[in-house]
Structure formats: C-alpha cells, structure tokens
Amino acid sequence: MIYFKDGEFLNEDQIQVSADDRGYAFGDGVYEVIKVYDGKLYTAKEHLERLVESAEKIRINLPYTMEELTEIVESLQSENQLTLGHIYLQVTRGVAPRAHQFPENSVPVVMGYAVESQRPLQNLEMGAAMKSVEDMRWLRCDIKSLNLLGNVLAKQDAIEAGCQEALFVRDGLVTEGASSNVFGIKDGVLHTHPANHFILNGITRRVVLQLANELEIPVLEKEFTLAEALDMDEFFFTSTNAEITPVVMMDQQPIGQGVPGPLTRKLQSAFNRQIPQLTAAGHAEERESNGPAS
Ligand code: PDD
C-alpha cells in the first residue's frame, strides 16, 4: 500500500509515525473517509470541505489548500490503483513533547492511505440490526475528531449483542449511529436529527436528503425518541461505507414488517444510480437488480 505523509508518497516500510504525535497521545486531530467506486472518488469535494471545517473548529491550520488536498487524495487513489474501496486522510496538530496545551511551533501532520473495501452487499440487501446505547460522547459531535472512544465502545457493545450498529440515545432522544447517521420513516415522512453539535453532518446524510427531495419524500429534521424510533415503519443508517443500510431489528424488536421497507428501497436505488457505475464483475448482479446503469 502507498501512504501519503507530509508531502511524500511512501510504502509500508518507509512510513513512520512519531511517538510524540499529538494524534497518538491525545487524539488531537481530525479525519475523513472518502469512498472510491470504479476508480473514481465519490463526493470528495464535500469530504475535503468538511475536513477543512473540522480542522478550523479545533484550530489546526491545514498546511494544504483545497486544490492540494484534492491532488493528494486523487494521487492516493491512482498510486494504489484503487478501484473499489476508500481513502483515509487524517490531520493531527503535530509532533511535540506531551503537554495538553497547543505546542508553540508544531507543524500539522497529514497522513493518508487508500484501502480496498467491498460494498456491504449483504446488509444492503437483507438489512441490519441496531442496539441502542447511551450517547456519552462530548458535545461537539459535529467535528470529525480522531477522538472516537465513545463511538468505539458503543460499536463494540452493539457487536457483542449480535448487532451491526449502535444507536446513540442522548437524554431519551436518538442522535446518530456509532459511525453513521440514522433515519426513520413514519407515514411516508423521513425523520432525522437536525445537523447540530449533537451529530456529524454526514456526507451520505446530505446525499439522502437531496435524493428525498428529488423523490418528493417529505423530510422532517427534528429529534425523535427511542420509543418513536422503535415505532417507525422503516429505519436505516447511512455512512460512506454503509451507504443506505436498512435496519430491520432494533433492540431485538422488528422495525415495521422486519424487512427493508419500500421507501428505503427507493432511496437505495436512487443512491445506486448516482454513484460511479461499477464495472467490476463482482458487482454486475448489483446493477442488474437495480435495472440498467444510467
Ligand atoms: N464515519 N456519524 C458518525 C459518528 C460517523 O463516524 C460517520 C462516518 C457518519 C457518517 O458520515 P459520512 O456519511 O460522511 O461518512 C456519521 C466514518 C465513515 C468512519 O469513521 O469510518
């Protein structure tokens, strides 16, 4: 695998991370995950803009412009000849002896790589199960921070309960997933938490809201309770890797009929139509089941 670090493209043997990197000691940094379909970056501009915003929110001065960041992620894709997978890119505040306050002269460390990853076809088709957990994270979940302890513990809790994703609940209200945004559908209306400091404003979330608009599905960006979530006709979670994953079980109770619902299917089809079309043989079935590629 070819990595990017501080202006250079390096292989596994060459890349080194300092023990004094603040990302390592404090989780003092931000990151992005960008999907690659058919050798093309998907919504890279939106991801890189959010990276710039996250860095600004924690007062890291990114050493690269948007154009340079775009070049970096495009090079990671091409250097690794990545067809289907994702690019990981992170920025930390830099290297300095451990002390909580910002170091005086540290230079941000930018590191990235490209990795093959399959689409979660089984979950996309059959649906997934969620487990609700208390959202005990900090109050700036809008920042895509490297500090993911709350998310890590929640995900592990869900996995150990035989589920695929955790559902965060803060003061009785559903916020998001451990690594995804969540949506419910009740009486034809799409419900999701508003994009404020309690959730990450996911790029896939924004795509879904846009698709709902095009499909004339009414949207309500308003908090709902766990009891309301359990009573939804349909439910799904979204992320760069999870795409639009239907949720068929929550806290061991079926959602709706216990199978992916019709509006979720409609949104999934619309989503599939607008990603770079997959030409790899392994994905031919996916195309067929959704009609011819446009
Ligand atoms: N996670 N909320 C949280 C807490 C997330 O970690 C993510 C994504 C999302 C969805 O964002 P997007 O649609 O932009 O991927 C929402 C990434 C993929 C990860 O940490 O691997």
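Lys 45 and Glu 49 are four residues apart in helix 2 and are therefore separated by about one helical turn. Helices (H or I, at least four residues) and strands (E, at least two) are DSSP runs, numbered from the N terminus. The model is predicted: local features need pLDDT of at least 70, side-chain atom pairs count only at pLDDT 80 or more, and totals for chains, interfaces and linings use all residues. Residues are numbered from 1 along each chain as its sequence is written, and side-chain values use heavy atoms, with hydrogens and water left out.

The side chains of Lys 45 and Glu 49 form a salt bridge with an N to O distance of 3.0 Å, where a salt bridge is a side-chain nitrogen of Lys or Arg within 4 Å of a carboxyl oxygen of Asp or Glu. Lys 45 is exposed, at a relative accessible area of 53%, whereas Glu 49 is partly exposed, at 33%. In these assignments buried means under 20% relative accessible area, exposed over 50%, and partly exposed in between (1.4 Å probe, protein chains only). Accessible areas come from the Shrake-Rupley method with a 1.4 Å probe, and for residues only the protein chains shown count as cover.

The whole structure contains 18 salt bridges. One of them joins Glu 32 to Arg 50, with the closest N and O atoms 2.8 Å apart. This pair links distant parts of the chain, 18 residues apart: Glu 32 belongs to strand 3 (residues 29–37) and Arg 50 to helix 2 (residues 44–57). Glu 32 and Arg 50 are both buried.

A further salt bridge is found between the side chains of Asp 135 and Arg 170 (3.6 Å, N to O). Asp 135 lies in the loop between strand 7 (128–134) and helix 5 (149–160) and Arg 170 in strand 8 (residues 165–170), so the pair ties together parts 35 residues apart in sequence. Both Asp 135 and Arg 170 are buried. Through salt bridges that share partners, Asp 135, Arg 137, Arg 170 and Glu 176 are joined into one network.

The loop between strand 7 and helix 5 also holds Met 136. Together with Leu 148, Leu 149, Val 152 and Leu 153, Met 136 makes a nonpolar surface patch of about 470 Å². Patches are made of residues with over 30% relative accessible area and no salt bridge; like charges are joined within 9 Å, and nonpolar side chains (Val, Leu, Ile, Met, Phe, Trp, Tyr) within 5 Å.

A surface patch of negative charge is formed by Glu 67, Glu 68, Glu 71 and Glu 74. Lys and Arg count as positive and Asp and Glu as negative, while His and the chain ends are not counted. The place of a charge is taken as NZ of Lys, CZ of Arg, CG of Asp or CD of Glu. Glu 67 is located in helix 3 (residues 66–79) and is exposed, at 57% relative accessibility.

Phe 236, in strand 13 (residues 234–239), is buried, with a relative accessible area of 0%. Leaving aside residues up to four places away in sequence, the contacts of Phe 236 include Asn 181, Val 182, Phe 183, Leu 190, Val 208 and Thr 264, contact meaning heavy atoms within 4.5 Å. Phe 236 and Met 130 are 106 residues apart in sequence, with a C-alpha to C-alpha distance of 9.6 Å. Thr 264 is placed in helix 8 (residues 262–274) and is buried, at 1% relative accessibility.
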